[in-house]
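Work through the exercises below with the sequence and the model at hand. Each task is followed by a solution in steps.

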Amino acid sequence: MQVEQNSKQLVNWFRSSAPYINAHRNKTFVLMLGGEALETDNFQHIINDIALLNSLGVKLVLVHGVRPQIQKQLDLHGHKSAFENDVRITDEKSLALIKQAVGAVQIELQARLSMGLANSPMQGASIRTVVGNVVTAQPIGVKDGIDYCHAGKVRRIDVEGLKTHLDMGAIPVISPLGFSVTGEVFNLLAEEVATQVAIALQADKLIGFCSNIGVLDQSGQLISELLPEEAQKHVDAIAYEAGEAPGTLRFLRAAIAACKAGVTRSHLISYYQEGALLKELFTRDGSGSQIVKESSERIRTATIDDIGGLLELIEPLEKQGVLVKRSRELLENEIHHFLIVELDGMVIGCAALYPFKDEKMGELACLVSHPKYRRSARADNLVTHVERKARELGLESIFVLTTQSIHWFRERGFDFTDINQLPAAKKEMYNLKRNSKVLLRKIS
């Protein structure tokens, strides 16, 4: 019985993830993997998931950090390196140790991505990795009297070189070291490198692995989606001592910059959570936070193409007697009355407005939220949109007929009214057997 249930769950997961598999194929994702992630027990799982994305036809660029590895090298050699404005002051000795740390991490990443053990997720992966000088850098120089020495910033990305490797199916592995036109080496912020690579490639996604599951609100709840302006408020609210900023803050700043420069979505996920990358990319709920240019969820007027999604949403409630049965033909004829909430192509909410212009009244009908999405005020948002549409039509009140959601509407300002107050056409259609309660709210 358990085996059958697990098999059914697997089949359902594949079916629900199919649209995302198709959507992500041949898209370009830049992954930002901090050095901290390499030291977790989940590191090999992350590598396995990267290999799976590669096998599904996603073009990947992997940018890695080395902060903890650098610190270990510095501690081992008894050398100190201060931070200013989140940038490591990189003197000659620090640079030499940074090169060692970067080399070790790159070798480790290439070794893990080259695995092909039988009976493992990497079996038959045959992943090609490429390490090259694709980042041209320049020195930060002296700012406010502080000499940053060999710390630098990104000047240019070799886009053509990266695209050549991606078109061949390889994964470019990029370190936080850049090279100048004069042959010097500079220590860069990994987050800046990832951001500039994503912008230069016009990547479809920038994905950062951090210690947090994503951006949390004041009550500690995950915020699944933020616009750049909202994300900036969180950046401003995160306090840290002068010097080195937390990883979540560094990536948030990078995500905001990428989003403003045209990268459609930037994702923040946890390097501790097994499968976080796959959950974020192949499920509607995701696993972390995404910073987006525009919301992936929207309320819009329904079209004939939404009939299937509407039927799937409302049929369970029709069977329970909560909603009046509507045939496909009726829905097709009345589709222009419906608003829907769409999330990544899925209809997760709907409401209809039937206007009675002579009486300046409108009926709010078929208000439904998908069972998985009822905690996010989507029904309230739909009511707000229905009211706005009613005002545009010159209506002064909206009414509902309900048998099981009486208290919900009462809590939102709908008052009981008499059947005789209904528009004449609606009164004639009133089903006495159903005995629905009539509630009304003024909107003018």
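The model is a predicted one.

**Exercise 1. Describe the chain as a whole.**

Step 1. Begin with the secondary structure: the chain has 14 helices and 25 strands.
Step 2. Take the extent next. The C-alpha trace spans about 90 × 55 × 35 Å along its principal axes.
Step 3. Turn to burial: 48% of the 444 residues count as buried.
Step 4. The accessible area is about 22,400 Å², and carbon and sulfur atoms account for 49% of that.
Step 5. Finish with contacts. Among those between residues at least 6 apart in sequence, 71% join residues at least 24 apart.

**Exercise 2. Locate Thr90 and decide whether Thr90 is buried or exposed.**

Step 1. Thr90 sits in the loop that lies between β4 (87–88) and α4 (92–113).
Step 2. The cut-off for buried is under 20% relative accessible area. Thr90 has 0% relative accessibility, so Thr90 is buried.
Step 3. Leaving aside residues up to four places away in sequence, Thr90 touches Leu95, Ile98, Tyr148, Cys149, His150, Ala151 and Asn187.
Step 4. With Asn187 there is also a polar contact, side chain to side chain, at 3.2 Å.

**Exercise 3. Find the nonpolar surface patch that includes Phe14.**

Step 1. Phe14 belongs to helix α1 (residues 2–24).
Step 2. At 46% relative accessibility, Phe14 is partly exposed.
Step 3. Leu10 and Trp13 complete the patch with Phe14, and together the three have about 310 Å² of accessible area.

**Exercise 4. Trace the open sheet of seven strands.**

Step 1. The strand order is β19-β20-β21-β22-β23-β25-β24, with mixed pairing.
Step 2. At the edges are β19 (297–301) and β24 (415–416); each has a single partner strand, so one side of each lacks a neighbour in the sheet.
Step 3. Strands β21 (residues 346–356) and β22 (residues 361–369) run antiparallel and are joined by seven bridges. Pro355 has Gly362 in β22 as its bridge partner.
Step 4. Between β22 and β23 the pairing is parallel, over three bridges. Here Glu363 stands opposite Phe399 in β23.
Step 5. β23 pairs with β25 (residues 437–442) in the antiparallel sense over six bridges. Ser397 has Lys442 in β25 as its bridge partner.
Step 6. Consider the burial of β23 (residues 397–402): five of its six residues are buried, so the strand is largely enclosed by the rest of the structure.

**Exercise 5. Examine salt bridges in the model.**

Step 1. Side chains of opposite charge can pair when their charged atoms come close. The structure holds 17 salt bridges.
Step 2. Glu363 and Lys426 form one of them, at 3.0 Å from N to O. Glu363 lies in β22 and Lys426 in helix α14 (residues 424–429), so this pair ties together parts 63 residues apart in sequence. Both Glu363 and Lys426 are buried.
Step 3. Asp380 and Arg412 form another salt bridge, at 2.6 Å from N to O. Asp380 is in helix α12 (residues 378–392) and Arg412 in the loop between α13 (406–410) and β24, 32 residues apart. Asp380 is partly exposed, at 28% relative accessible area, and Arg412 is partly exposed at 24%.

Notes: Residues are numbered from 1 along each chain as its sequence is written. This is a predicted model: local features need pLDDT of at least 70, side-chain atom pairs count only at pLDDT 80 or more; totals for chains, interfaces and linings use all residues. Side-chain values use heavy atoms; hydrogens and water are left out. Helices (H or I, at least four residues) and strands (E, at least two) are DSSP runs, numbered from the N terminus. Buried means under 20% relative accessible area, exposed over 50%, partly exposed in between (1.4 Å probe, protein chains only). A polar contact is a pair of N or O atoms within 3.5 Å; within protein, one must be able to donate a hydrogen and the other to accept it, and residues adjacent in sequence count only if both atoms are side-chain atoms. Contact means heavy atoms within 4.5 Å. Patches are made of residues with over 30% relative accessible area and no salt bridge: like charges are joined within 9 Å, nonpolar side chains (Val, Leu, Ile, Met, Phe, Trp, Tyr) within 5 Å. Accessible areas come from the Shrake-Rupley method with a 1.4 Å probe; for residues, only the protein chains shown count as cover. A salt bridge is a side-chain nitrogen of Lys or Arg within 4 Å of a carboxyl oxygen of Asp or Glu. Two strands pair if DSSP finds at least two bridges between them.
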